[in-house]
Amino acid sequence: MEPTDIKKAIECIIFVSDQPVSVDKLQQVFMELEKGDIRKYLKELIQDWGALGRGIILEEVAGGYQFRTDPAYSEYITNFNKRVKKFRLSRAALEVLAIIAYKQPVTRVEVESIRGVDSSGVINALLERRILEIKGRKEVIGKPFLYGTTGEFLEVFGLKNLSDLPTLKEIDEISKNLDTGISSIPEELS
Amino acid sequence: MNENPHEADAFSSHEPCLVKTQLFEGPLDLLLHLIKKNEVDIYDIPIAVITEQYIEYLEMMKELDLQVVGEYLVIAAELSLIKSRMLLPKPVVEEDELDPRAELVRRLIEYQRYRDAANELIGREILGRDVFKREFDMSVYVTEEEVELVPVDLWSLIETFRDFYRKRSNLWAEQIVFEVESLTIEDKIAEVLEKLKMKAVIKFEEFLEECASKFDLVVTFLALLELARMENILVVQEAHGSPILISYAGEPNIGTY
């Protein structure tokens with residue numbers, strides 16, 4: 001198989017997938033190839049699509065590769081397709097999600113001790129939405145559930161993996177800039 | 001301490017109409033707001049002023065919504081305690097005694113830290129808001145024979161059980177049955193395995209449907225969980241949301257039970 005054919009075949013697979021396609025999954029198809037080779041083709045594909053300057057972007061996300069639309073045109077997509085799944089997250093849900101994303105695996109009580117409010121309703125909603133999942137139980141009295149984020153979380157927030165999360169701010173940076181607080185969350189999402 | 005029911009519905013398209021939840025996410029949120037509003041140093045909070053304003057807000061909230069005030073009262077009490085500690089003359093012996101505000105400040109900063117992180121998350125290019133992926137029905141491409149089964153996560157299992165339990169509870173609520181409950185999980189395990197030997201794959205709901213009482217239902221569920229834990233059964237489904245299937249995986253290992 002010619003390299004250009006392999007590249008095109010990889011492109012096709014990503015095109016017909018509803019989930020990010022991982023290098024492992026691709027290797028199951030192209031068994032004669034090393035993972036490094038597949039990564040090289042993927043890198044080239046990303047560059048090719050970028051160089052084309054189209055409305056579609058090939059992106060590395062949630063441990064795989066996915067075709068996504070250019071964020072510049074989101075408005076037209078929502079206008080065209082009213083049925084499109086709108087993303088909504090309350091401020092409470094977002095707070096809970098941030099705490100769990102960075103501290104996982106973490107118990108509900110640990111989340112609540114940081115927020116100062118009961119968070120069970122929000123956690124359950126995020127579980128049902130499959131943005132969070134139960135990772136196990138903590139070996140303490142009562143064996144509470146430990147929560148963590150899912151692949152869907154990475155997909156929604158466009159993260160390659162968990163280490164792709166933006167680093168938490170340093171403590172002194174926070175105390176100096178308290179006013180960067182809550183106001184910056186867009187109206188529609190709060 | 002229960003949360004506002006509106007809050008639980010984090011993804012609903014209807015925004016909660018209560019003024020209170022729109023304003024503050026909790027006592028720490030309110031405190032940070034007051035510190036910001038008064039433009040004071042977080043490491044040197046004028047406790048008397050802040051406490052007074054905090055309690056004023058609580059009074060206001062009380063008139064709007066009584067329910068959530070409980071969580072706010074905990075911090076109000078803490079503030080009052082700090083205030084009184086600061087009024088007390090310091091014992092001479094302990095020179096470098098901790099600032100009574102230190103613990104509260106630590107909590108506020110930690111909370112703010114995750115709030116900043118939340119802001120950063122929501123500022124990203126969000127799937128379904130800023131970027132979109134292709135959405136299509138994959139089942140079109142999958143034929144009966146090549147269905148790939150995925151393991152069921154515990155949450156789906158519990159969810160299915162919960163829904164079923166609710167449905168049945170209503171049904172059973174009208175009939176009162178007196179019986180001596182003698183069914184054990186071990187009995188149920190044997191029964192389940194017997195059934196699976198007759199028929200290779202049985203729907204999870206099918207097991208639940210055969211139950212005659214709430215007790216039976218719970219025992220059946222526990223038996224299935226136990227069997228799954230011991231890896232005697234496989235709990236799979238074709239895709240998320242499709243029926244959960246149970247199949248036989250191996251001999252029970254009663255020794256570890």
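A nonpolar core is a set of buried Ala, Val, Leu, Ile, Met, Phe, Trp, Tyr and Cys residues joined through C-beta atoms within 7 Å. In this predicted model, the largest such core holds 52 residues. Helices of chain A and of chain B each supply at least two residues of this core.

**The largest nonpolar core**
- The members that touch the most other members are Ala93(A), Val96(A), Leu97(A), Ala98(A), Ile100(A) and Leu126(A).
- From chain A, α5 (91-103), α6 (108-115), α7 (120-128) and α8 (151-156) each supply at least two residues, as do α3 (27-37), α4 (47-64), α5 (69-87) and α6 (102-122) of chain B.
- The largest share, nine residues, comes from α5(A).
- Beyond residues up to four places away in sequence, Ile100(A) touches Val106(A), Val111(A), Leu132(A), Tyr147(A), Gly148(A) and Thr149(A).

**A second core**
- A separate core of 19 residues includes Phe207(B), Leu208(B), Leu217(B) and Leu224(B).

**The fold of chain A**
- Chain A has nine helices and four strands, and their order along the sequence is α-α-α-β-β-α-α-α-α-β-β-α-α.
- Of its 190 residues, 29% count as buried.
- Where contacts in chain A join residues at least 6 apart in sequence, 51% of them link residues at least 24 apart.

**The hairpin of β1(A) and β2(A)**
- Strand β1 (residues 56-61) of chain A pairs with strand β2 (residues 64-69) of chain A in the antiparallel sense, over six bridges.
- Val61(A) has Gly64(A) in β2(A) as its bridge partner.
- Two residues lie between the strands of this hairpin, in which Ala62(A) takes a positive phi near 45 degrees.

Terms used: Residues numbered from 1 in each chain as written. Chains lettered and ligands numbered in written order. Predicted model: local features only at pLDDT ≥ 70, side-chain atom pairs only at ≥ 80, totals over all residues. Buried ≥ 20, exposed ≤ 12 C-beta atoms within 10 Å, placed from the backbone. Contact = placed C-beta atoms within 7 Å. Pairing = 2+ DSSP bridges.
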